Amino acid sequence: MPSPVKPHPRTPWQEFWYRFRKNKLAVVGMGVILLYVSIALFADFFYSWDFVVGNQIPNAFATVGTKAVVELGGKKVEHLYILGADNFGRDVLGRMIHGARVSMIIGFITIAFAVLVGGSLGAIAGFYGGVLETIIMRGADILLAIPNMLFALAIVAAMGPSFQNLLLAIGITSVPIYVRLVRASVLTVKDQEFVEAARALGARDGRIIVRHVLPNCMAPVIVQATLGIAQSILSATFLSFLGLGIQPPAPEWGNMLSEARPYIISAPHTLIFPGLAIMTVILAYNLIGDGLRDALDPKLRR
Amino acid sequence: MLRYLFHRILQLIPVILGVTLIVFTLTYIAPGDPARLLLPQDASDEDVAQLKHAMGLDRSFFVQYYHFLFGYDGPGDSFDYKGLFALDLGRSYVSNRPVFGTILERFPNTVLLSTVALCLSILVSIPFGIISATRQYSKIDMVVTVLALVGISMPAFWLGMLLIWIFSVQLKLFPSLAVPSNPLSIVLPALTLAAMSTAVQTRMTRSSMLEVLRQDYIRTARAKGLDERVVIRKHALRNALIPVVTVVGIQVGQLLVGAVLTETVFSYPGIGTIMVDAINRKDTPQILASVVFMALIFALVNLIVDILYAFIDPRIKAQYVQAGIRKKRGLFHAISRKTTP
């Protein structure tokens with residue numbers, strides 16, 4: 001007689017997706033990020049770069065939904081300013097779309113860098129211990145003692161504003177938290193039986209760390225990385241707002257806000273929309289982060 | 001307790017040295033020669049070299065770092081300074097005033113702004129966090145949770161400008177620029193600065209409270225017929241607030257950094273505007289001094305919070321007392337092991 005309770009064998013991925021899907025807000029957040037990523041990928045398809053950075057002085061401060069004539073490649077074309085124009089008559093929506101590309105790239109690259117560097121250092125510190133661990137962890141403590149944004153600001157202020165320096169500043173300041181996180185996880189994993197088994201089978205340290213230890217340390221790192229991307233994007237807009245990040249005329253949400261600042265009274269649309277873009281992206285990443293934590297954290301599993 | 005205090009203060013030393021070393025290294029490797037910046041465009045290389053010598057910039061990295069910490073006494077008098085520990089890092093390239101003079105003069109403004117924001121955030125976040133937790137999944141809980149989520153996702157500088165647009169441009173209630181003589185002008189900057197911390201603390205209070213409310217001793221308190229208000233206030237809240245205190249402590253540091261942004265948006269005369277002005281004018285000594293100053297204040301605030309924390313949570317103190325006992329016992333065991341075969 002077959003058992004009345006059917007077993008539901010799920011792969012870890014299915015199990016994760018099943019849990020994650022239950023959090024509706026997190027799924028919405030994921031949808032928003034997918035939207036932004038695809039907008040960033042196909043930015044040139046919507047608006048050409050030349051149009052987005054080129055001045056159209058006669059159309060300065062065109063309000064939301066204005067139709068006006070613009071010059072593009074020597075030709076005069078009718079153009080609909082869906083979200084209006086800024087102080088140079090540039091299309092706000094177009095600049096936001098190209099700005100999305102910058103923000104998405106910054107978020108991914110800085111956190112990829114931080115996870116890679118911080119993760120390796122943390123794994124080494126946790127796995128080998130000893131003097132190496134002391135040096136790495138004290139270094140991380142010192143870096144954590146400086147507030148992230150202040151540190152990033154100091155780096156860019158010293159090195160000069162450029163895209164590379166911005167990435168470097170945000171990347172470096174994001175490293176120490178992953179060092180701590182990975183080290184703590186490695187410490188809990190490295191003495192378990194399966195690691196011993198791998199060692200007994202003759203696996204070398206490198207293989208043990210990469211194939212056996214690290215995969216079991218990924219959950220908190222993934223959650224932190226999601227929240228970290230939000231933090232990175234926020235830091236980048238903040239530095240650009242202060243004139244230390246992406247330099248105009250290249251569009252970035254932070255420098256768009258900085259340019260909109262003198263025109264709060266006359267052109268509030270130049271202020272509202274880029275800010276909304278920042279807020280929705282950060283919000284979406286935070287929602288995904290919360291969802292991932294609930295789905296991956298074994299402590300909360302019932 | 002003294003042992004804990006001592007231990008914690010001792011930990012501050014490597015942090016201070018590390019932070020100063022990092023900030024100093026940044027200016028050391030920064031492109032652009034300060035001596036050339038100070039001289040007119042057509043200055044000869046000899047002039048630059050001479051000025052570098054007078055400023056002590058031709059010395060090695062570690063000598064310069066030593067100067068940075070303990071003072072510099074050059075060939076001339078104009079570039080002498082007493083070093084970071086004497087709160088003297090020379091004069092601003094732009095205004096020629098002592099850099100720490102400007103900072104100490106404006107710092108009270110930043111402290112005032114941060115304090116108002118902190119009080120505001122505590123007054124709002126803790127009650128709302130409690131209400132939200134005690135009525136989990138109610139309408140008010142939903143509203144609070146969503147607002148808190150939006151709050152942590154809102155860039156402060158954007159919020160500041162939105163508040164200016166709503167409250168000073170549209171409603172004409174508060175001034176958009178911060179003027180020290182007008183107490184109303186601190187309202188918008190304080191609201192802006194408080195928003196993020198309020199959101200973070202509300203979330204923390206809610207989740208911490210929810211966790212405590214599930215504990216057995218709360219069930220016991222309810223079972224013995226205590227009034228729900230007493231259960232919340234006397235039993236749950238006291239334990240739920242412990243992690244909140246940590247978060248508030250972290251927020252104090254974050255508020256100081258957030259002040260940089262808020263002050264810029266409202267042209268508020270604090271340490272943030274000093275820093276941003278200095279960055280825009282490439283005024284290296286002033287940037288260096290403000291960054292180091294804020295980092296040190298941040299470290300100091302963390303220290304104070306940690307110490308307060310030990311007073312609030314007896315478990316922290318107990319850890320140190322027990323560690324002491326264990327050490328003595330360990331010694332005893334070591335001796336006894338040697339003597340017994």
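**Figure 1. Overall build of chain B in the predicted model.** Read along the sequence, chain B of this predicted model follows the pattern α-α-α-α-α-α-α-α-α-α-α-α-α, and its secondary structure amounts to 13 helices and zero strands. The radius of gyration of chain B is 26 Å, well over the 20 Å that the globule rule gives for 341 residues, so the chain is more spread out than a compact globule. Taken along the principal axes, the C-alpha atoms of chain B fill a box of roughly 85 × 85 × 30 Å. Buried residues make up 35% of the 341 residues in chain B, and among the contacts of chain B with a separation of 6 or more, 65% are accounted for by residues 24 or more positions apart.

**Figure 2. Overall build of chain A.** Chain A contains 13 helices and two strands, and its C-alpha trace spans about 75 × 65 × 30 Å along the principal axes. Of the 302 residues of chain A, 46% count as buried. When contacts in chain A between residues at least 6 apart in sequence are considered, 72% of them join residues at least 24 apart.

**Figure 3. The side of chain B that touches chain A.** In this view, 36 residues of chain B are in contact with 33 residues of chain A. The elements of chain B that give two or more residues to this side are helix H1 (2–29), helix H6 (139–153), helix H7 (156–170), helix H10 (228–266), helix H11 (271–280) and helix H12 (284–312). Sorted by class, the side of chain B that touches chain A has 29 nonpolar and seven polar residues, with no charged residues.

**Figure 4. Packing of helix H6 of chain A with helix H1 of chain B.** Helix H6 (residues 130–145) of chain A and H1(B) pack with their axes 9 Å apart and at an angle of about 70°; angles of 65 to 115 degrees count as roughly perpendicular, and H6(A) and H1(B) are therefore roughly perpendicular to each other. On H6(A) the contact is made by A:Arg138, A:Asp141, A:Ile142 and A:Ala145, and on H1(B) by B:Pro14, B:Val15, B:Gly18 and B:Val19. By class, this contact of H6(A) with H1(B) has five nonpolar, one polar and two charged residues.

**Figure 5. The largest nonpolar core.** The largest nonpolar core has 160 residues, and those with the most contacts inside it are A:Leu150, A:Ala154 and B:Ala295. H10(B) gives the most to this core, with 15 residues. Leaving aside neighbours within four places in sequence, B:Ala295 is in contact with residues of both chains, namely A:Ile146, A:Leu150, B:Val19 and B:Val23.

**Figure 6. Helix H12 of chain A and its surroundings.** Eight of the eight residues of helix H12 (residues 253–260) of chain A are buried, so this helix is largely enclosed by the rest of the structure. The buried residues are A:Trp253, A:Gly254, A:Asn255, A:Met256, A:Leu257, A:Ser258, A:Glu259 and A:Ala260. These buried residues of H12(A) pack against helix H5 (92–128), helix H11 (218–241) and helix H13 (269–296) of chain A, together with H7 of chain B. In the loop between H11 and H12 of chain A lies A:Pro249, and the peptide bond from A:Pro248 to A:Pro249 is cis, with omega near 10°.

**Figure 7. The surroundings of B:Gly160.** B:Gly160 lies in helix H7 of chain B and is buried, with 26 other C-beta atoms within 10 Å. Not counting residues up to four places away in sequence, B:Gly160 touches B:Thr192, B:Thr262, B:Val265 and B:Phe266. The C-alpha atoms of B:Gly160 and B:Leu191, which are 31 residues apart along the chain, are separated by 8.2 Å.

**Figure 8. Backbone at two loop residues of chain B.** Most residues other than glycine have a negative phi. Phi of B:Asn96, however, is near 60°, a positive value in a residue other than glycine, and B:Asn96 is found in the loop between helix H4 (61–70) and helix H5 (99–134) of chain B. With 8 C-beta neighbours inside 10 Å, B:Asn96 counts as exposed. Phi of B:Lys172 is near 55°, a positive value in a residue other than glycine, and B:Lys172 has its place in the loop between H7 and helix H8 (187–213) of chain B. B:Lys172 is exposed, with 9 other C-beta atoms within 10 Å.

Key. Residues numbered from 1 in each chain as written. Chains lettered and ligands numbered in written order. Predicted model: local features only at pLDDT ≥ 70, side-chain atom pairs only at ≥ 80, totals over all residues. Contact = placed C-beta atoms within 7 Å. Helix = DSSP H or I, 4+ residues; strand = E, 2+ residues; numbered from the N terminus. Nonpolar A, V, L, I, M, F, W, Y, C, P; charged D, E, K, R; others polar. Buried ≥ 20, exposed ≤ 12 C-beta atoms within 10 Å, placed from the backbone. Core = buried A, V, L, I, M, F, W, Y, C linked by C-beta atoms within 7 Å. Rg over C-alpha atoms; globule rule 2.2 N^0.38 Å. Axes fitted to C-alpha atoms, helices over the stretch in contact; angles between N-to-C directions. Parallel < 35°, antiparallel > 145°, perpendicular 65-115°, else oblique.
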